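This briefing goes with the sequence and the model shown below. Please keep both in view while reading the points that follow.

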Amino acid sequence: MTPTPGDHVQSLARGLAVIRAFDADHPRQTVSEVAAATGLSRPAARRFLLTLVDLGYVRSDGNAFWLTPRVLDLGYSYLSSLSLPELAGPHLEALTAKVHESASVSILDGDDIVYVARVPVSRIMAVSITIGTRFPAYATSMGRVLLAGLNDHELDDHLARVSPVALTEHTKTTVRELREEIDRVRHDGYCIVDEELELGLRSLAAPVHGRDGAVIAAINISTQSARYSVDAVHADLLPHLQTTAAEITADLARTPNSH
């Protein structure tokens, strides 16, 4: 069903914008800060915040506001219906036991990837990755796998919309470079990103397919560049990753409520 302008509930959109205003860099905010982040007037921001307090999604000390764990319920309903995290978990455990490296599954949400399942072996990144962590799709192996699964029109829209920035000296930031990388992923069926998201980090990703054959998720292995050369990633990690991706895909095909 395609929504029409008359179907848009502005107050709901604004309330969700208030929730999204809080992140790792801004966990506690005043009314004025939320208003500035969302484009709402200060009185409107205050009304939304107090409503969220009343519903239990936000707490306040009278000056600052912060999210409560109840906001996780908003995402849990979707993740539960997808079945992906539950199905992927045992496969990720088995994969990490074989390769002794961290493994994750993510989905595409707008222009970002969102982690929905993860088994860490050791902390190899400067930032902590947990369920719900987001990264820009263009700079990640899982992101490029998910972008490769889009149709040409959707990919064109994405590349026209995003403004890539160099996260490291190796990050590919031009449309031409990104399109070449995504075309390569479409041809090869996997993606390696070498120190583009973070220096010293090398990652490998492959697609997970739904029952209709569409790419619905990506699975990856992350390692330190000092541990594996690109050639070693191909030889030692890729076969295990592709086998695990195929196993998750097969499990999803047997699950009635999988997407």
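Which residues lie nearest the centre of the largest cavity? They are Thr140, Leu197, Leu201, Ser203 and Asn220, out of 18 residues that line the largest cavity. The model is a predicted one, in which local features need pLDDT of at least 70 and side-chain atom pairs count only at pLDDT 80 or more, while totals for chains, interfaces and linings use all residues. Residues are numbered from 1 along each chain as its sequence is written, and side-chain values use heavy atoms, with hydrogens and water left out.

**Overall make-up**

- The protein chain comes to nine helices and nine strands, where helices (H or I, at least four residues) and strands (E, at least two) are DSSP runs numbered from the N terminus.
- Of its 259 residues, 44% count as buried; buried means under 20% relative accessible area, exposed means over 50%, and partly exposed lies in between, with a 1.4 Å probe and protein chains only.
- Among contacts between residues at least 6 apart in sequence, 57% join residues at least 24 apart, a contact being heavy atoms within 4.5 Å.

**The cavity**

- The structure holds one cavity of 30 Å³ or more, and about 130 Å³ of space lies in the largest cavity.
- A cavity is here a set of points, on a 1 Å grid over the protein atoms alone, where a 1.4 Å probe fits but cannot get out, and lining residues have an atom within 4 Å of a point.
- Grid points are joined across faces, edges and corners, and the volume is the space filled by probe spheres set on the points.
- At least two residues of the lining come from each of β5 (112-119), α6 (141-148), β8 (201-209) and β9 (215-224), and β5 gives the most, with three residues.
- By residue class, the lining divides into nine nonpolar, five polar and four charged residues, with Ala, Val, Leu, Ile, Met, Phe, Trp, Tyr, Cys and Pro counted as nonpolar, Asp, Glu, Lys and Arg as charged, and the others, Gly among them, as polar.

- Strand β4 (residues 102-109) contains Ser106, and because six of the eight residues of β4 are buried, the strand is largely enclosed by the rest of the structure.
- β4 pairs in the antiparallel sense with β9 over five bridges and with β5 over seven bridges, two strands being paired if DSSP finds at least two bridges between them.
- Ser106 counts as buried, with 0% relative accessibility; leaving aside neighbours within four places in sequence, its contacts are Ile113, Val114, Tyr115, Val116, Met142, Leu146, Ala217 and Ala218.
- The hairpin of β4 and β5 has two residues between the strands, and Gly110 in that hairpin takes a positive phi near 65°.
- β5 is itself mostly covered, with seven of its eight residues buried, and three bridges join β5 to the antiparallel strand β6 (residues 134-136), where Arg134 is the bridge partner of Val114.

**The three-stranded sheet**

- A separate topic is an open sheet of three strands in the order β1-β3-β2, with antiparallel pairing, whose edge strands, β1 (28-29) and β2 (58-60), each pair on one side only.
- Three bridges join β2 to β3 (residues 65-67), and Arg59 has Trp66 in β3 as its bridge partner.
- Helix α3 (residues 42-55) packs on this sheet, touching β2 and β3, and its direction makes about 105° with that of β2; axes are lines fitted to C-alpha atoms, for helices over the stretch in contact, and angles run from 0 to 180 degrees between N-to-C directions.

**Backbone angles**

- Most residues other than glycine have a negative phi, and most peptide bonds are trans.
- His100, which is not a glycine, has a positive phi of about 60°; His100 sits in the loop between α5 (84-99) and β4 and counts as exposed, at 52% relative accessibility.
- Glu195, also a residue other than glycine, has a positive phi near 60°; Glu195 is placed in the loop between β7 (191-194) and β8 and counts as buried, at 17% relative accessibility.

Conventions:
On a 1 Å grid over the protein atoms alone, a cavity is a set of points where a 1.4 Å probe fits but cannot get out, and a pocket is an open set with protein on both sides within 12 Å along at least five of seven lines; lining residues have an atom within 4 Å of a point.
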